[in-house]
Amino acid sequence: MDNIEQLIKTLSNDTAKIQPAPHPYLLSLKWAVATVAYLSLLLVIFGLRPDFLQAIENPWFVVEILALFSIFVATLVTTSLLAFPDIHQKRAIAFAPILMVSMFLVVIFFAWNADHPPASLPDHTYECTLCIILASLLPAVWTFYSLRKLASVHYRLAGGLALLSATSIGALWLRLYEVNDSIIHVVEWHYLPMFVIGLIGLWLGEIVLKW
């Protein structure tokens, strides 16, 4: 009997203290602060587009930037909710990315119609996609690393939204850096790849986040 009590006492003392998971809003705020700091660093290193003051005179450019940032915020918050098995009982908020993406597509549609006559296409093409991917790598890695330490059972959707959030920051940086007013180029080499990478995240989430 004494041996059993001693064993129980030993096992109790050896139990490691479990660190409670942060609230999803605090988690998403932590990610957002880190990502915005990273974006600011990119802009400090590479600079804003030389015609930035002229570019913001175009209201559709400003709305596009705001809509893109809204996708980043919505996907980041929803990713933090998906890190919990019960989505922290906030299923309604988890649908926010659908609304933000829909609004973004509407903005792009009107910006496309307003681009008349069409702005001249830049000389480069796929280089923009590569720049977005490279700029998105660090935010994607730290988001996936954080998710791995939690208990998501929605690993496909969490992976997809995590990559969409990261690439939206890469796309946002490039729009603020690159001198380019061609909405056709932006759709083809910025935003279509951004959403394709988000779809790839569905597959990557199953591989990396499944436990």
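# A tour from pocket to core

Let's start at the largest pocket, which has a volume of about 300 Å³. A pocket here is an open set of points on a 1 Å grid over the protein atoms alone, with protein on both sides within 12 Å along at least five of seven lines. Its volume is the space filled by probe spheres set on the points, with grid points joined across faces, edges and corners. Before you click on, note that this is a predicted model, where local features need pLDDT of at least 70 and side-chain atom pairs count only at pLDDT 80 or more, while totals for chains, interfaces and linings use all residues. Residues are numbered from 1 along each chain as its sequence is written, and side-chain values use heavy atoms, with hydrogens and water left out.

Stop 1: Helices are DSSP runs of H or I with at least four residues, numbered from the N terminus. By class, the pocket lining has 13 nonpolar, three polar and one charged residues. Nonpolar covers Ala, Val, Leu, Ile, Met, Phe, Trp, Tyr, Cys and Pro; charged covers Asp, Glu, Lys and Arg; the others, Gly among them, are polar.

**Stop 2: proline 97.** Zoom in on Pro97, in helix H5. Is it buried or exposed? Proline 97 has 6% relative accessibility, so it counts as buried (under 20% relative accessible area; exposed is over 50%, partly exposed in between, with a 1.4 Å probe and protein chains only). Leaving aside neighbours within four places in sequence, show its contacts (heavy atoms within 4.5 Å): Ala74, Thr75, Thr78 and Leu161. Next, hop to phenylalanine 72, which is 25 residues from proline 97 in sequence and 8.7 Å away in space, C-alpha to C-alpha.

Stop 3: Phenylalanine 72 is buried, at 2% relative accessibility, whereas phenylalanine 69 is partly exposed, at 35%. A search of the whole structure finds nine aromatic pairs. In this one, the ring centres of phenylalanine 69 and phenylalanine 72 are 5.6 Å apart and the planes are at 50°, so the pair is tilted.

**Stop 4: the cavity.** A cavity is a set of points where a 1.4 Å probe fits but cannot get out. Which helix gives the most to its lining? H7 does, with four residues.

**Stop 5: the core.** Finish with the largest nonpolar core, which has 56 residues: buried Ala, Val, Leu, Ile, Met, Phe, Trp, Tyr and Cys residues joined through side-chain atoms within 4.5 Å. H7 gives the most to this core, with 13 residues. Lastly, click Leu172, one of those with the most contacts inside the core. Not counting residues up to four places away in sequence, leucine 172 touches Leu39, Ile65, Leu68 and Phe69.

Terms used
Rings of Phe, Tyr and Trp (its six-membered ring) pair if their centres lie within 6.5 Å; planes under 30 degrees apart count as stacked, over 60 as edge-to-face and the rest as tilted. Helices (H or I, at least four residues) and strands (E, at least two) are DSSP runs, numbered from the N terminus. On a 1 Å grid over the protein atoms alone, a cavity is a set of points where a 1.4 Å probe fits but cannot get out, and a pocket is an open set with protein on both sides within 12 Å along at least five of seven lines; lining residues have an atom within 4 Å of a point.
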